[in-house]
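The sequence and structure come first, and the description follows.

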Amino acid sequence: MLCTPWQCSNTVKIKDFLLKHFLIICEVIAVVIAFAWPLPGSKLSHSTISLCIVAVIFLFTGLKLKTDELKSVFKSADVVLICCVTSLLITTLAPGYIVHQLPFDDKLDPDKPNNETFSFGPTELKLGIILFNCAPATIATGIIMVTGAEGDVIIAVAVSTITNIAGCFVTPLLFSLFVDADAMKQDSTKLLMKLGLSLLLPLFVGKVVAMLFARVREVVKNHKRKIGLVQSVGICIILWIKLSTSVKKGTFELIALTDILILVGIIIACHLFLLLINFIVSISFCFKREHLAVMLLLCSQKTLVLTAAIATALPDEIGDSALILLPCFIAHPLQMLIDSFLIQPLKKSPHFPFCVPEFFAKSHTTKPDKTEEGQNDIGSAAAAYVVENQVVVGMDTLHEEKENCNE
């Protein structure tokens with residue numbers, strides 16, 4: 001039976017909505033099932049299924065990883081370098097240090113008495129916020145937003161690729177700077193082995209397979225959305241297992257609603273702080289609008305895949321892994337919601353008329369812009385424009401005086 005145009009239109013809208021918000025929908029389903037029936041998920045907590053899921057996720061990431069664009073960004077290598085340093089270090093250390101100073105306690109530890117001083121919640125929530133901020137830029141979401149804002153997509157892809165490869169090494173090291181537990185230092189070798197087997201090896205294998213077999217590249221390209229859906233399901237299965245285990249232990253009984261509300265407020269404040277940092281860096285280096293879009297919409301975002309993988313591999317002495325994951329799963333959709341309001345303003349905003357430093361005087365766009373040819377030194381051009389206007393005004397004044405004398 002054929003559907004009417006109205007029915008077909010509604011079906012398409014519903015399908016687009018479900019695909020667009022698939023990860024969030026899966027997260028909600030995982031949370032509901034974990035709290036309603038935690039037994040099945042808790043039974044899987046002691047198996048290696050979580051690490052196997054992480055390996056599959058990063059195998060697909062390696063298959064989708066684009067490195068061809070790296071060859072075309074050498075002309076803008078300084079922009080890429082600044083974006084990568086900002087994403088991996090500046091937006092990691094600055095909020096991490098601030099969050100580390102906030103008053104969280106160890107009230108989930110039965111060996112420690114509850115402190116009567118004010119607290120934002122258990123320490124695991126603080127570690128989750130720090131872990132999420134230690135992650136590199138998003139792989140797909142940020143690039144889509146940069147495309148919508150008409151930013152430099154090629155540089156966005158390059159920054160996303162470089163930061164996600166480097167993040168497999170850098171993120172655990174940065175996170176260890178903020179962890180007080182000795183278990184992180186004692187089990188660092190074991191942790192690196194887990195991350196190597198579940199992250200780096202599948203990522204490398206996926207990339208090599210994609211490079212060697214053209215048929216694989218074609219299949220991945222044609223089924224990119226389906227692969228993304230499989231990755232989202234894998235992430236939510238990890239969330240379901242971790243939450244079910246914590247619910248079974250009764251961990252969430254010690255967390256009040258005010259702790260969750262405070263957590264959401266801290267996460268929003270952290271992301272706004274990252275946007276401010278990247279905006280200041282962009283102004284300092286006089287980035288053009290295309291590069292500002294990359295800084296704000298890509299470098300300010302953090303990927304959920306790597307944080308879920310690292311939280312899965314953390315030793316139990318660090319804390320409850322479900323509570324560590326909780327801020328990550330809250331922060332991921334919140335950052336997308338906040339950044340979505342920046343797409344149209346960035347798309348409509350003009351180029352910033354700041355003076356460019358000498359080492360940034362050359363054009364950094366990967367695509368030539370005819371309107372900006374010959375503007376390698378904006379400061380000199382602005383000065384020449386002022387002088388030229390002054391000369392024109394002076395000549396007009398002389399002509400007016402001459403005409404008055406003739407009259």
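## Helices and fold

The expected span of a helix is 1.5 Å times one less than its number of residues. Helix 5 (residues 77-100) has 24 residues, and its C-alpha atoms reach 33 Å from first to last, close to the 34 Å expected at 1.5 Å a residue. Helix 5 also bends by about 45° at Thr 86, where the bend is the angle between axes fitted to the seven residues ending at a residue and the seven starting there. Helices here are DSSP runs of H or I with at least four residues, strands are runs of E with at least two, and both are numbered from the N terminus. The chain has 18 helices and zero strands.

This is a predicted model, in which local features need pLDDT of at least 70, side-chain atom pairs count only at pLDDT 80 or more, and totals for chains, interfaces and linings use all residues. Residues are numbered from 1 along each chain as its sequence is written, and side-chain values use heavy atoms, with hydrogens and water left out.

## Burial and contacts

Of the 407 residues of the chain, 45% count as buried; buried means under 20% relative accessible area, exposed over 50%, and partly exposed in between, with a 1.4 Å probe and protein chains only. A contact means heavy atoms within 4.5 Å. Among contacts in the chain with a separation of 6 or more, 85% are between residues 24 or more positions apart.

Two residues show such surroundings. Asn 278, in helix 13, is buried, with a relative accessible area of 0%. Leaving out residues up to four places away in sequence, Asn 278 touches Thr 86, Thr 91, Met 295, Leu 296, Cys 299 and Ser 300. Thr 171 belongs to helix 8 and counts as buried at 1% relative accessibility. With the neighbours up to four places away again left out, Thr 171 touches Leu 131, Cys 134, Ala 135, Pro 136, Leu 306 and Ile 310.

## Pockets

On a 1 Å grid over the protein atoms alone, a pocket is an open set of points with protein on both sides within 12 Å along at least five of seven lines, a cavity is a set where a 1.4 Å probe fits but cannot get out, and lining residues have an atom within 4 Å of a point. Grid points are joined across faces, edges and corners, and a volume is the space filled by probe spheres set on the points.

The largest pocket holds about 1500 Å³ of space. Its lining has 38 residues, of which Lys 20, Ala 140, Thr 141, Ile 144 and Met 336 lie nearest its centre. Helix 12 gives the largest share of that lining, seven residues. The second largest pocket has a volume of about 820 Å³. Of the 31 residues lining the second largest pocket, Ser 45, Lys 242, Leu 314, Asp 316 and Ser 321 are the closest to its centre.

## Cavities

The whole structure contains two cavities of 30 Å³ or more. The largest cavity has a volume of about 100 Å³, and 13 residues line it, with Phe 132, Asn 133, Ile 267, Cys 270 and Ala 331 nearest its centre. Helix 6 (123-134), helix 13 (257-284) and helix 16 (321-340) are the elements that give two or more residues to this lining.

The second largest cavity has a volume of about 70 Å³. Its lining includes Phe 58, Asn 164 and Leu 306.
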